[in-house]
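Thanks for coming, everyone. I would like to walk through one model this morning, starting with a single position and then widening out to the chain.

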Amino acid sequence: MVEILEPSPDREDPGLPPGADLPMRYEAQLPVKEGFVRESLTRVAQLEAEVHPIRPSPAPLGYRTAAQFALHPLGGLAYRRPGSDELVRVHDDPLLAGPLREALKLLNTWPLVGLEEVALRGSLLTGEVQLGLVGGKARHFRKAAEGLVEAGIAGVWWGAADPRGRFRGPTRFLAGKETLLERYGELEVQIDVVSFAQVNPRAAAGLYAEAAKLAGTGGKALELYGGSGVLGFFLARNFAQVTVTDLNRRSIEKGRADAARLGLENVRFARADAREAARFGPAELVAVDPPRSGLAKETLAALLELKPQEIVYIACDPATWARDVARLTEHGYRLDFARPYDFFPYTHHVEVLSYLTMSS
Ligand SMILES: C[S@@+](CC[C@H](N)C(=O)[O-])C[C@H]1O[C@@H](n2cnc3c(N)ncnc32)[C@H](O)[C@@H]1O
């Protein structure tokens with residue numbers, strides 16, 4: 001956008017940060033997002049399947065429980081403007097959950113030097129916030145981490161700067177609490193700033209519950225890209241055995257500890273690349289929740305080798321999801337159900353829950 005000549009009557013900007021690219025009344029955002037999913041299905045997958053109405057976020061503002069910031073050269077935290085190197089100072093962000101807004105205020109007064117970026121992860125359940133420091137050397141930040149915990153940050157982690165992505169390289173726990181508890185529906189699970197967790201827990205809880213309902217009951221379920229196994233825990237109520245796999249070591253550790261704490265003896269965890277899925281078969285149901293790039297070629301091949309009767313596919317990118325759904329339908333699967341979920345109000349991002357079955 002270069003200039004607004006005449007604002008739409010639906011235009012609404014509650015002080016959005018860069019990257020929040022849907023400045024509209026919340027009710028007006030929903031059909032737009034539903035449209036992204038419908039269009040992906042017809043244009044990319046060339047399928048005429050029904051798309052169920054989008055489930056709105058329980059809260060359109062104050063929903064985000066994770067955020068990442070660059071450090072502004074003149075001090076304070078900043079967001080990077082998408083598609084450029086420009087840093088925009090952040091004093092507040094209405095999309096962040098209350099505890100993160102408070103942490104942001106605190107960190108803006110703190111001298112943070114020698115770092116590349118910082119990350120926050122908070123809990124709606126406990127109101128606590130963890131801080132992740134990225135860059136430099138862990139030992140240089142131990143004292144500062146203790147000071148930050150005294151100032152009210154619940155726990156501090158450090159991660160090496162890594163070209164593969166944030167917290168993909170070595171990490172160290174520095175001070176305070178190593179994990180926080182968060183609620184997803186009826187489940188309370190551990191989260192931390194160095195591994196994945198859905199950032200809108202109340203919206204995600206609705207998706208996990210509906211995914212488990214679609215999956216129904218059965219013997220063996222396998223979850224790929226399973227993180228710390230929240231969906232696996234939902235599935236565990238109705239499946240005799242659930243195997244959760246993920247590449248991230250820390251996610252697997254947390255998942256194992258949660259399964260033990262929750263007494264879910266029928267959920268086991270394995271650290272593995274989704275490309276190796278075939279070795280975890282057979283399974284009646286396979287659930288996948290890949291990053292934006294969707295299923296790698298090898299993962300799709302492994303899935304076709306496993307040939308589960310049912311697939312739950314959760315996606316954060318409708319275009320790669322539609323591409324993968326098209327490939328699965330070419331190999332005998334039928335798309336029985338698709339529903340967008342809004343995890344990210346005021347942004348173009350939309351999550352999709354889908355369910356496919358082997359048609360023969
Ligand atoms: C969108 S998250 C979903 C996590 C989980 N289902 C949840 O809802 O919390 C994607 C997950 O895929 C994992 N991942 C990324 N690439 C992977 C790969 N090649 N093999 C296995 N897991 C991978 C990440 O570690 C991350 O936990």
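**D289 and its surroundings**

D289 counts as buried because it has 24 C-beta neighbours inside 10 Å; a residue is called buried if 20 or more other C-beta atoms lie within 10 Å of its own, with C-beta atoms placed from the backbone. Before I go on, please keep in mind that this is a predicted model, in which local features need pLDDT of at least 70, side-chain atom pairs count only at pLDDT 80 or more, and totals for chains, interfaces and linings use all residues. Residues are numbered from 1 along each chain as its sequence is written.

D289 sits in the loop between β13 (285-288) and α7 (297-306), where helices (H or I, at least four residues) and strands (E, at least two) are DSSP runs numbered from the N terminus. Leaving aside neighbours within four places in sequence, D289 is in contact with Y225, L231 and I314, contact meaning that the C-beta atoms, placed from the backbone, lie within 7 Å.

Which residues does the UniProt annotation "binding site" cover? The unreviewed entry lists Q198, Y225, D246 and D289, although such annotations, given here in the numbering of the model and with shortened feature names, may be inferred rather than shown by experiment.

D246, found in strand β11 (residues 239-246), is likewise buried, with 26 C-beta neighbours inside 10 Å. Among the residues that D246 touches, not counting those up to four places away in sequence, are Y225, G226 and R271.

As for the whole chain, there are eight helices and 16 strands, and 44% of the 360 residues count as buried.

Key
A residue is buried if 20 or more other C-beta atoms lie within 10 Å of its own, exposed if 12 or fewer, and partly exposed in between; C-beta atoms are placed from the backbone. Two residues are in contact if their C-beta atoms, placed from the backbone, lie within 7 Å.
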